[in-house]
Every structure is written in structure tokens, then in C-alpha cells.
Amino acid sequence: MNKTQTHPFKPIFDKNSKILILGSFPSVVSRKFGFYYANPQNRFWRVLAGILNAPPPVSTDEKIKFLLAHRIAIYDATISCEIKGSSDAKMTAVAPANLEPIFKVAKITQVYANGGKAHEICEKYLKNQILNATGKDPIKLPSTSPANANFSLERLVQEWTAVAEALKDG
């Protein structure tokens, strides 16, 4: 039987955040290191750096500054779940995150889901919250996880360009 895991860190956002990127749930490596996308095999930070023409941030402080400087908020769609390892496919007993604290402070104009599981959770549990805040459906992007081997880094950067475009608008 899997033990219920609770999301170990706070969302990253401020009043200037314009877009929100939601993952599914932190990986074992991220939980161990205490920050989002801490597995060096995950391409999240390299993809964001690629679409924003910036060097990839390395330290946790650099990552937070990078996100806030580019008006990007990040969190996960799940506040707790039962999970075996880091596999989204092994997530059960999903409890959705409360996005209201983010929407109250930041003027989020679009929510993006990092991968299929994050999008599925958004659609099933968070859609009304997202629609009420942004007036738009969450957009599914291909996962930056190393498990998504079908996508090269170049292809991910190409698909994620929508995020950079959304940041330019307005």
C-alpha cells in the first residue's frame, strides 16, 4: 500500500506573475531536494531558459528570481496523493491544490499544465477555479519529465514557445 504524500513546498509567485505552470506532483528527487524540477534529467529549467533566451538558472534562489523576473508562477495541481516513486501513472487518491491564494495575488492570464497528468487533474478538479480566474481553459504542454522520451529538448522548446508568446501579450 502506498503512503499518502503531501506537497512539500509552497507555490512560487508574486503580484506580477502573469502565467501559472502546474506540474502534477513533485518527483522523489524534487521532494528530497525541496524544490521544483530538481531532477537534473527533468528539462523544465532548460526549456524555460530556451524559450526565454536566458541561461538556465542553477541554484534554488536563481530559479525563484528567474521565475519572478519572467512573471511566471509555478505550483503543482496536486496537494497530496498516494504515489509509487515519481510516476504520474502511479498517482492515486489525488487531492487537488487550492489555487485561490495565487489567483488572489497575481493577475494570472493563462494556466499551463506540464504534461498529461497535470492537465487531467486541472480538467477534473481545478477547471472552474482556473476559468473563474482567467476566463480560459488550462493548456496542456508536453511534459518536461525524462519519462517523456518522445520529445527531444528542441521539440519541447518548440512546443513550449506558447508560454513565451503569452508573456509578450499585454
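The following legends describe close-up views of a predicted model.

**Figure 1. Helix α6, its span and its bend.** Helix α6 comprises the 16 residues 153–168. At 1.5 Å a residue, α6 should span 22 Å, and its end C-alpha atoms are 22 Å apart, which agrees with that expectation. At Glu-159, α6 bends by about 40°.

**Figure 2. The buried residues of helix α6 and the elements they pack against.** Leu-156, Trp-160, Val-163, Ala-164, Ala-166 and Leu-167 are the buried residues of α6. Their packing partners include four strands, namely β2 (19–23), β3 (72–76), β6 (110–114) and β7 (139–141). Helix α2 (44–51) is also among the elements against which the buried residues of α6 pack.

**Figure 3. Strand β2 and its covered residues.** Strand β2 is mostly covered, with 5 of its 5 residues buried. Ile-19, Ile-21 and Gly-23 point one way from the strand, whereas Leu-20 and Leu-22 point the other way.

**Figure 4. Pairing of strand β2 with β3 and β6.** Strands β2 and β3 run parallel and are joined by 5 bridges. In this pairing, Gly-23 stands opposite Asp-76 of β3. Strands β2 and β6 likewise run parallel, and 4 bridges join them. Here Leu-20 stands opposite Val-111 of β6.

**Figure 5. The salt bridge between Glu-120 and Lys-117 in helix α5.** The structure holds 4 salt bridges, one of which is formed by the side chains of Glu-120 and Lys-117, with an N to O distance of 3.3 Å. Both residues belong to helix α5 (residues 116–134); because they are 3 residues apart, about one helical turn separates them. Glu-120 counts as partly exposed because its relative accessibility is 44%. Lys-117, by contrast, has a relative accessibility of 19% and therefore counts as buried, the cut-off for buried being under 20%.

Figure 6. The side chains of Asp-137 and Lys-127 meet in a salt bridge at 3.3 Å, N to O. This pair links distant parts of the chain: Asp-137 lies in the loop between α5 and β7, Lys-127 lies in helix α5, and the two are 10 residues apart. Asp-137 is partly exposed, with a relative accessible area of 39%. Lys-127 also counts as partly exposed, at 24% relative accessibility. A network of salt bridges links Glu-123, Lys-127 and Asp-137.

**Figure 7. The salt bridge between Lys-168 and Glu-165 in helix α6.** The side chains of Lys-168 and Glu-165 form a salt bridge, with 3.5 Å from N to O. The two residues are 3 apart in helix α6, so about one helical turn separates them. Lys-168 has a relative accessibility of 61% and therefore counts as exposed. Glu-165, with a relative accessible area of 38%, is partly exposed.

Note on methods. Residues are numbered from 1 along each chain as its sequence is written. This is a predicted model: local features need pLDDT of at least 70, side-chain atom pairs count only at pLDDT 80 or more; totals for chains, interfaces and linings use all residues. Side-chain values use heavy atoms; hydrogens and water are left out. The expected span of a helix is 1.5 Å times one less than its number of residues. The bend at a residue is the angle between axes fitted to the seven residues ending there and the seven starting there. Buried means under 20% relative accessible area, exposed over 50%, partly exposed in between (1.4 Å probe, protein chains only). Contact means heavy atoms within 4.5 Å. Two strands pair if DSSP finds at least two bridges between them.
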